[in-house]
Amino acid sequence: MKVYFCGSIRGGRDDVHVYRRIVQKLQSYGSVLTEHVSCSELTDRGEDAEEARGGDRAIHDRDVDWLHQADVIVAEVTQPSLGVGYELGRAVDMKKNILCLFRPWSGRRLSAMIRGAEDGEMFTVKDYTEEEVEKVLEEFFNNLKKNFSK
C-alpha cells in the first residue's frame, strides 16, 4: 500500500514531532511516499535542495504525481497549511480515501471546509490526542482493509 502523508511545511513546523510519530506508524501499513514531511531537518523554508533543481514547480508536480500513486491519504491538519488544503482538494477530486487528524486541544479550530467534507466513506476526520494517534491510525486502516475486502 502506498500512503501519502500531508503535514505543514511552509505553514509552520511546530508539529514535526507529531508528524514523525504518525509516519513511523504509517510505515507499518506500507510505503510512505512523503516521509520527508516528518524530518526535523526540514524547516519552514521548504526543500532547499529540491528548489535548486527545479523550484516550486518541480515540488508541485512531484507531489501531484505521488498523490496519483497513493492508495490512501493521511493528513495532520492541526497546523493550518495552504499546501495541505490544496493536496486534500486534489485527493478528493481523485476519489482517494482520506483521513484527516486534528488535535482540538491545540487551541485551534479546524476549517469548516475540512470538517464539513467528512462523508463517512472516503473522507474521514478524527479528533485525537498525541497519546492515541497510533490507535486512531490502526482503527482507520483496519476499516479500510475491511472495505477493500468486500
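A search of the whole structure, which is a predicted model, finds zero disulfides. A disulfide is a covalent bond between the sulfur atoms of two cysteines. Cys6 takes part in none, and the nearest cysteine sulfur, that of Cys100, lies 7.7 Å away. The sulfur of Cys100, in turn, has its closest cysteine sulfur in Cys6, and 7.7 Å is too far for a bond. The cut-off makes the reasoning plain: the two sulfur atoms of a disulfide must lie within 2.5 Å. Cys6 counts as buried, because its relative accessibility is 0%. Cys100 is buried too, with a relative accessible area of 0%.

The backbone was examined next. Most residues other than glycine have a negative phi. Lys95 has a phi near 60 degrees, a positive value in a residue other than glycine. Lys95 sits in the loop between H3 and S4. The residue is exposed, with a relative accessible area of 65%. The cut-off for this class is over 50%.

Attention then turned to empty space. Rolling a probe the size of a water molecule over the atoms shows where such space is left. The largest pocket holds about 560 Å³ of space. Its lining consists of 24 residues, and the closest to the pocket centre are Arg10, Ile59, Asp63, Gly83 and Glu87. H2 provides the largest share, six residues. By class, the lining of the largest pocket has eleven nonpolar residues, eight polar residues and five charged residues.

The second largest pocket contains about 250 Å³ of space. Here 14 residues form the lining. Nearest the centre of this pocket lie Glu121, Thr124, Phe140, Asn143 and Asn147. At least two lining residues come from each of strand S4 (97-102), strand S5 (123-127) and helix H5 (133-148). H5 gives the most, with six residues. The lining of the second largest pocket divides into five nonpolar, five polar and four charged residues.

Technical notes: Residues numbered from 1 in each chain as written. Predicted model: local features only at pLDDT ≥ 70, side-chain atom pairs only at ≥ 80, totals over all residues. Heavy atoms only, no water. 1 Å grid on protein atoms, 1.4 Å probe; cavity = no way out; pocket = protein on both sides within 12 Å on 5 of 7 lines; lining within 4 Å. Points joined across faces, edges and corners; volume = space filled by probe spheres on them. Helix = DSSP H or I, 4+ residues; strand = E, 2+ residues; numbered from the N terminus. Nonpolar A, V, L, I, M, F, W, Y, C, P; charged D, E, K, R; others polar. Buried < 20%, exposed > 50% of the residue type's maximum accessible area, 1.4 Å probe, protein only.
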